[in-house]
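Q: Could you take a close look at one of the chains in this model and walk me through how it is built and what it touches? Please give the cut-offs as you go.

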Amino acid sequence: MSNGFSAQFDAETGIATLLMQMEGRANKINMAFGEGFAAALDDCLAFEGLKGIIVASGHKDFCVGADLDFVYRSRDAAVFRDQVRQVNALYRKLETAGVPVVAALTGSALGGGYEVALACHHRVALDSPAVQLGLPEVNLGVIPGAGGTQRLPRLIGLQAALEHVAQGKIVRAPQAKKAGLVDDLQPTREAVLEAAAAWIAANPRAKQPWDSKGFRYPGGVQPDTGDARNLFAAGAAMLVKKTAGAYAAPEAAVSAIYEGTLVGLDAGLEVETTYFVNRVVSDQAKDMIRTFWYHKNAVDKQEGLPRADDARVETVAILGAGMMGAGLAFVFAQRGFEVLLKDIGQEALERGLAHCQAQAGKLRHLSTEDRDALLSRITGTLNVEDLADADLVIEAVFENIDLKHEVIRETEAVLSPEAIFASNTSALPIGDLAKASVRPANFIGLHFFSPVEKMPLVEVITAEGTGEETLARALKVMGTIKKTPIVVNDGYGFYTTRFFSAYIMEAAQLVSEGHDPVLIEWAARQAGMVVAPLKVFDEVTLSLAAHGLDMREKYEGKPLDFGAARVVRKMVGLGRTGKAAGKGFYDYAAQPRKLWDGLKDLAEGTPEVTGVDYLADRLMLVQVNEAARCLDEGILRTHRDAEIGAILGVGFSPASGGPLAWIDRRGVRDVVEKLDALAARLGDHYAPPALLRRMAENGERFFEKV
Amino acid sequence: MAGAFIYDAVRTPRGRGKSSGSLHTTKAVDLLATALRGLRDRNELDTSAIDDVTVGCVTQVAEQGSCIARTGVLVAGYDERVPAVTLNRFCGSGLEAVNEAAAKVASGFMDVVVAGGVESMSRVKMGSDGGAIWDPTMEFAYGTVPQGISADLLATLHGITRQDVDAFAVASQKRAAAAWERRAFAKSVVPVVDMNGLVVLDRDEHIRPDTTMESLAKLSPSFEMMGRNFGLDALTKKRYPQVEHIDHVHHAGNASGIVDGAAAVLVGNEDAGKRLGLKPRARIRAMASIGDEPVIMLSATVPASQRALQKAGMKASDIDLYEINEAFAAVPLYTMQGLGIDHDKVNVDGGAIAMGHPLGATGAILLGTVLDALEARDLSTGLVTLCIGGGMGIATIIERV
């Protein structure tokens, strides 16, 4: 046994089991994996009377991928290429050893783990939706690097493989069987192993299809044909339509599949290796791995945050049955909480309950009983007295501080002293809301994002008076409902709302300066932003922004009169309040949707400099500046929250790794210079915070350079 | 400089490029041989005097693969010592063959070169030759799109409307029909016959003389679905971020027809003509090829023409007649805009929208067409230009002698 790998032989059946059980809780692909696997394979092949090999895992999962520490630290292309080649040689040895090899997928096999399975002749998986399979590498800025881009198209066809690899799809075992990612499903671990053994007995001469004479790609489309060219042309175009060219990894995956399938498997593996190495050593991969692996895990594990062993929350009351309120009711009920959904109007309440029903209907994998049970956990009410049993109350009523104060007083009056009161406000300072509370220590902000069923982020806001225990209990509940929580300190607009406002208001500002709105939209997309700013502005409505301006004026005690504010107010005055109204920055009556011609009349001048690069810089700089300010002001507590909040909450460029990574990549000094230049021209609100100046002077970065 | 003269030009009629087209049963090499024989026979040419044969052919696979030019020479019964080369500059190939022939002659290295082109689009599918141009890496790096999207983008960028392109298409049909009516092509068209000497086709069969604005209005845009639903429009954003939506104006009725056909042009220096007892019809005054931005792809007719004009020491207004290939109606319309020339001088006997565009042959065909038109009207100078895949353009200026 070396590195947790062992070879066991059953002399009676002639079947060797190559067991992967690396130290720790999971099998991770790294140098130790390679050595252990190679040694165990040699042991297997040395068994007298060997008839076949079962590759199995001693852990819960089969193997969920590469050791990302190893990938993250790799910067030397030549060294890394040699390491990758060794892995490929090992898998070629496995699949051409002359005996049938079966992967016993008793748990999830993802990324590099699924690539082990691909190098086997047959894949038997545990028939459970908890077992996940796929090649999600592109989500971390890299591509499959141990044959995934080569064996999958040869196993399930070019088109299907393109979709799986370029989109980084993860599928559950039953779907994986349909898609051809696994060959067989069995109900138990033992049955998986038995089926593997039976397959070996029945297929003594098993060979990979790609090592067999006359091999043809499944799915009909053969490489280097007109059909294949059309397929790749459309695939590449659809990809660019979605990503605006901001992501290098899915593009590399498409190219690796295209080029690698023009040649045989061995040459194809070499093609893949070239692309894989090129991605792994890139900045984009480093930034994405840091954010989506290290930061995301730390946030989900709530590292460094207060913990409650028991949240003491069983019943959750939601105030307001609108989109957000009803969505929250559903999400909590889905995770087993008793939910009280309260509104002041019967009609609104019924709409909210109907929303929950519709959502439950979408959960196809649930049985009717489970679905009914879920819905039975939601109780609608118009009566505040019914909330007496609630352990956690989340208000999602209209953004008006007087109204919220009233709701807080009225609800607290019936609550137990233990209960937590949370506001889902997206901007109003929690401390100000808590002024209406008789127990501010139990008062907290839980800012969810819409649609809450889909959006993973929650921004947890602690006011000055918020108790540590309240935070701990709230975080425990957020973990239970599987939300990714960032924790920030109090202040108008907290972090994400400030950050998001900076983005869309800058777009309105650019409109006021006379820049072409078509270019503004594209510049943002090309910079990696998930949604173009004027488009998303229309979705959140301009009336909300106008209302926000009014609220901010009230808070700051001075009039807000700048280009963007004037554009927003003029638009609202014209009734162009957004998508819901059918007209905003866009005309929704036009087919397809078109930017409104009248925007040019809102221009207050003609810009001296414009163009995609300039506009992209403007849109990105105001956002990263806002993140730096939030750090400087102590709104943000950690760097990781800055990255995760911006990306998961409001769609900041995922390819960049986040606003702080964006600053690092651009160079703090350069960012400070650009912001100073903007401030000189357009006003102090563009000026960088002291934190950035200090970092520029000292030549510092936010994240260690790897 | 020795100078290069055009002694003659012939072409086959163009058959509809589908299985129901009249030339579908004729092999590509026989189309080429028909043109080569026609040129020889009309001029009683001693083929042993030919130094080279340059043939444009775009889709060089299957029966058009393996240097079809040389096989064509043998099938046509030319002297076995006549070599041949097949070349590919996409839609400019036929004119490129003429220009290369002219260059070989004008340089003094050769005396007599036959240029030409061939494409059986009904038998060899366009695009079936693959190519690095289809590599996704190219798409990612450049945002290259199929030509139809480029044509629609060109129209969008230059304010060319559906009305404009349809009106141009109607004019092409009317002019082509009128030209056939008065036998304007009689001098150039060599019928395609079978081995029994029976006529397979003796007229351009793609023309629809009854085309009207109303009939075209019924056709839906060919590239809209592809462009909008399959992300191809989005690919052009990188180069043309200012375009919010591409106005998809082209359809089967205002784009070039897919057809089968071939052409041959006899190019030589003055002495060789005298030696062979031939009278030159025109001389090549200038030529140019040029690259342009590959996403818009079809716009290089303008810089190519300008470069040729500059080399000839001429202005656009000095040219009596233009042949601007009607790959898509927006291309000649854009070229007319760019050069500042009037429709009256352009494609006077119709073009590829009516008669079709056999890719590798068209350039050589257009050279003959402009020569016939100049002679019929007793005019002097003509300019032929074609837009080319990958973002190129080609132009040749001739002058009657």
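A: Chain B has 14 helices and 12 strands; helices are DSSP runs of H or I with at least four residues, strands are runs of E with at least two, and both are numbered from the N terminus. Do keep in mind that this is a predicted model, where local features need pLDDT of at least 70, side-chain atom pairs count only at pLDDT 80 or more, and totals for chains, interfaces and linings use all residues. Residues are numbered from 1 along each chain as its sequence is written, while chains are lettered from A and ligands numbered from 1 in the order in which they are written.

Now for the overall form. Along the principal axes, the C-alpha atoms of chain B fill a box of roughly 60 × 45 × 45 Å.

Of the 401 residues in chain B, 62% count as buried, that is, with 20 or more other C-beta atoms within 10 Å of their own, the C-beta atoms being placed from the backbone. Two residues are in contact if their C-beta atoms, placed from the backbone, lie within 7 Å. Among chain B contacts between residues at least 6 apart in sequence, 84% join residues at least 24 apart.

A nonpolar core here is a set of buried Ala, Val, Leu, Ile, Met, Phe, Trp, Tyr and Cys residues joined through C-beta atoms within 7 Å. The largest one has 241 residues, and B:Val267 is among those with the most contacts inside it, as are B:Leu32 and A:Leu105. Beyond its neighbours within four places in sequence, B:Val267 is in contact with residues including B:Ala4, B:Ile6, B:Val98 and B:Val113. A second, separate core of 134 residues includes A:Ile486 and A:Leu631.

Finally, the partner chain: 21 residues of chain B are in contact with 24 residues of chain A. On the chain B side, helix 4 (136-142) and helix 9 (232-235) each supply at least two residues, and helix 4 of chain B gives the largest share, four residues. By class, that side has eight nonpolar, seven polar and six charged residues, where Ala, Val, Leu, Ile, Met, Phe, Trp, Tyr, Cys and Pro count as nonpolar, Asp, Glu, Lys and Arg as charged, and the others, Gly among them, as polar.

How values were computed
A residue is buried if 20 or more other C-beta atoms lie within 10 Å of its own, exposed if 12 or fewer, and partly exposed in between; C-beta atoms are placed from the backbone.
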